[in-house]
Amino acid sequence: MADVSIKDVVKRYGSLQVMHGVNVDIADGEFVVLVGPSGCGKSTLLRMIAGLEAISDGTIEIGGRVVNDVPPKGRDIAMVFQSYALYPHKTVGDNIGFPLKMAKRPKQEIDDKVGRAADILDLTKYLDRYPRALSGGQRQRVAMGRAIVREPKVFLFDEPLSNLDAKLRVTMRVEIKELHQRLNTTIVYVTHDQIEAMTMADKIVVMRDGRVEQIGTPLDLYDNPQNVFVGGFIGSPSMNFIHGHIRDQGGKHFVSDEGLHLPLPETSASDGQAVSYGIRPEHIGIGDSGIRMKVVVTEPTGSETQVFARSGDDLIDAVVKDRISARPGDEVGFIIDPARVHLFDRETEQRII
C-alpha cells in the first residue's frame with residue numbers, strides 16, 4: 001500500500017494546455033474517485049499516475065517516491081480498464097495469472113495467488129472457462145483479479161462499469177467497495193457517474209476543464225458545494241438553480257428574474273446583488289401553504305414522485321416521497337425550507353451561503 005501525492009501537475013499537447021496545476025493528496029488505503037464530465041481531464045490524470053501519459057510539469061509521488069520518469073512497470077500499480085482487455089484464447093485462470101507468468105514467477109506461487117484472487121472475487125468455479133462464456137460482470141471481476149494477483153501499492157480503475165447494464169453496475173459497485181474493505185489498498189477510480197462517486201468514495205475530486213473544482217467527502221460536497229458547478233454536478237436529480245436578485249424590504253428575500261419570490265436564510269448578500277438560488281429537489285415539500293406553481297410533468301417511480309413545475313419561465317424540480325395526484329396544468333404549493341437554500345454569486349458562481 002502507498003499514498004499518492006499529485007503536486008502542481010500540468011499537461012500540454014504542444015501549445016494546448018489541458019491540465020492546469022492539479023493538486024491532490026491521496027492517503028494510504030484511501031478510496032478516491034475522480035469525477036467530472038467528459039473532457040474534464042480525469043482519465044488523463046489517471047493515465048499520468050499510471051505512467052501512460054507524460055507529465056509536462058509538476059510531480060507525482062507514489063509511496064514517497066517521485067515517479068515522473070519511472071516507466072509503468074516500475075510504479076507498482078495495477079490498472080483496470082473500461083474494456084476488460086481479456087485474452088479470449090486463455091481461460092479465466094490463465095487471464096488472472098498472466099501478469100505473474102510474464103514476471104516469470106514460480107508455478108506454485110501463480111496457482112496460489114490465482115486461487116486466492118478467485119476466492120475473493122467468487123470466480124473459483126469459473127477458472128477453466130473462457131471469457132466468451134462469462135457475463136459482463138464476471139469478465140470485469142476477472143480483470144480485477146488480474147490486478148489483485150500483482151499485489152500492487154495502488155489500484156487504478158478507469159470507468160470500469162461503463163459497459164454494464166444499470167442493475168449490474170449497482171452490484172459491481174458493492175463488490176468493488178467490498179474488495180477495497182478486504183484489501184485496504186489505495187484505489188484511484190475514474191467515473192463520469194456522480195452516483196458511483198457518491199456511493200463508493202472515501203473522498204471525491206470534482207474536476208472541470210483540467211482543474212480541480214472541489215475535494216471532499218461525498219456528503220461534504222453534497223451539503224457544502226463551493227460553486228454552481230459542484231452543486232449541479234453532485235446530487236441526483238440535479239440541484240435547482242434560479243437566477244435573480246436579493247431584495248431587502250424589511251427583511252431579505254430572493255426575487256427571480258421572472259418575479260418569483262422565494263425565502264432566504266440569513267445572508268450577508270447585499271440588496272440588489274445578482275445571485276443564483278440553489279435548492280435540491282429532495283429538499284422541497286408540497287402543501288397548500290407553499291409557493292404556487294403550475295405542474296408541467298410528474299414522474300412516479302414507486303418509492304417517490306418527481307414533480308416539475310413552472311412559474312413563468314422558472315422551472316423547479318421537486319422529489320417527494322408521497323404519491324400525489326397532480327396532473328400537468330394543476331397548481332401545487334412548493335414548500336422551501338430556507339435552511340436548505342444555497343446562494344451563489346451570479347458573476348463568480350462561488351457559494352455565498
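These legends describe close-up views of a predicted model.

**View 1. Helices α2 and α4 pack against each other.**
Helix α2 covers residues 92-102, and helix α4 covers residues 136-148. The crossing of α2 and α4 is right-handed. From α2, the contact uses Val92, Asn95, Ile96 and Pro99. From α4, it uses Val142, Gly145 and Arg146. By residue class, the contact of α2 with α4 holds 4 nonpolar, 2 polar and 1 charged.

**View 2. Helix α2 carries a set of buried residues.**
Val92, Gly93, Asn95, Ile96, Gly97, Phe98 and Leu100 of α2 are buried. Val92, Asn95 and Ile96 also belong to the contact with α4. The cover over the buried residues of α2 includes α3 (107-120) and α4. Just after α2 comes Lys104, with a positive phi of about 60 degrees.

**View 3. An open sheet of 4 strands is paired in the antiparallel sense.**
The strand order is β2-β1-β4-β5. At the edges are β2 (16-26) and β5 (65-66), and each pairs on one side only. Helix α1 (residues 42-50) packs on this sheet. Helix α1 touches β1 (4-13), β2 and β4. The direction of α1 makes about 115 degrees with that of β1. Strand β4 (residues 57-62) and β5 run antiparallel, joined by 2 bridges. Within that pair, Ile62 has Arg65 of β5 as its bridge partner.

**View 4. The largest nonpolar core has 46 residues.**
Which residues of this core touch the most other members? They are Ile96 and Tyr189. Helix α4 gives the most to the core, with 5 residues.

**View 5. Tyr189 and the residues it touches.**
Leaving aside residues up to four places away in sequence, Tyr189 touches Phe31, Val32, Val33 and Leu34, among others. Further along the chain, its contacts include Phe157, Pro160, Leu161 and Ile176. Glu196 and Met200 are touched by Tyr189 as well.

**View 6. Strand β14 pairs with β11 and with β19.**
Strand β14 (residues 274-279) is mostly covered, with 5 of its 6 residues buried. Strand β11 (residues 240-248) pairs with β14 in the antiparallel sense over 6 bridges. Strand β19 (residues 342-345) and β14 are also antiparallel, paired over 4 bridges. Gly278 of β14 is the bridge partner of Phe241. Gly278 also has a bridge partner in β19, namely His342. Tyr277 of β14 stands opposite Ile242.

**View 7. Strands β11 and β12 form a hairpin.**
Strand β12 (residues 252-256) runs antiparallel to β11, and 5 bridges join the two. Arg247 stands opposite His253 of β12. The hairpin has 3 residues between its strands. Gly250 lies in the turn and has a positive phi of about 75 degrees.

**View 8. Lys203 and its contacts.**
Lys203 is in strand β9 (residues 203-208). Is Lys203 buried or exposed? Lys203 counts as buried because its relative accessibility is 16%, and the cut-off for buried is under 20%. Setting aside residues up to four places away in sequence, Lys203 touches Asp25, Ile26 and Glu30, among others. Its contacts also include Phe31, Val32 and Val33. Ile215 and Gly216 are touched by Lys203 too. Phe31, Val32 and Val33 are also among the residues that Tyr189 touches.

**View 9. Phe155 and its contacts.**
Phe155 is in strand β7 (residues 154-158). Phe155 counts as buried because its relative accessibility is 6%. Not counting residues up to four places away in sequence, Phe155 touches Ala78, Ala147 and Ile148, among others. Leu183, Thr185, Thr186, Ile187 and Val188 are also in contact with Phe155. Glu331 is 52 Å from Phe155 in space, C-alpha to C-alpha. In sequence, Phe155 and Glu331 are 176 residues apart.

Methods
Residues numbered from 1 in each chain as written. Predicted model: local features only at pLDDT ≥ 70, side-chain atom pairs only at ≥ 80, totals over all residues. Heavy atoms only, no water. Axes fitted to C-alpha atoms, helices over the stretch in contact; angles between N-to-C directions. Left-handed = near helix turned anticlockwise from the far one by under 90°. Contact = heavy atoms within 4.5 Å. Nonpolar A, V, L, I, M, F, W, Y, C, P; charged D, E, K, R; others polar. Pairing = 2+ DSSP bridges. Core = buried A, V, L, I, M, F, W, Y, C linked by side-chain atoms within 4.5 Å. Buried < 20%, exposed > 50% of the residue type's maximum accessible area, 1.4 Å probe, protein only.
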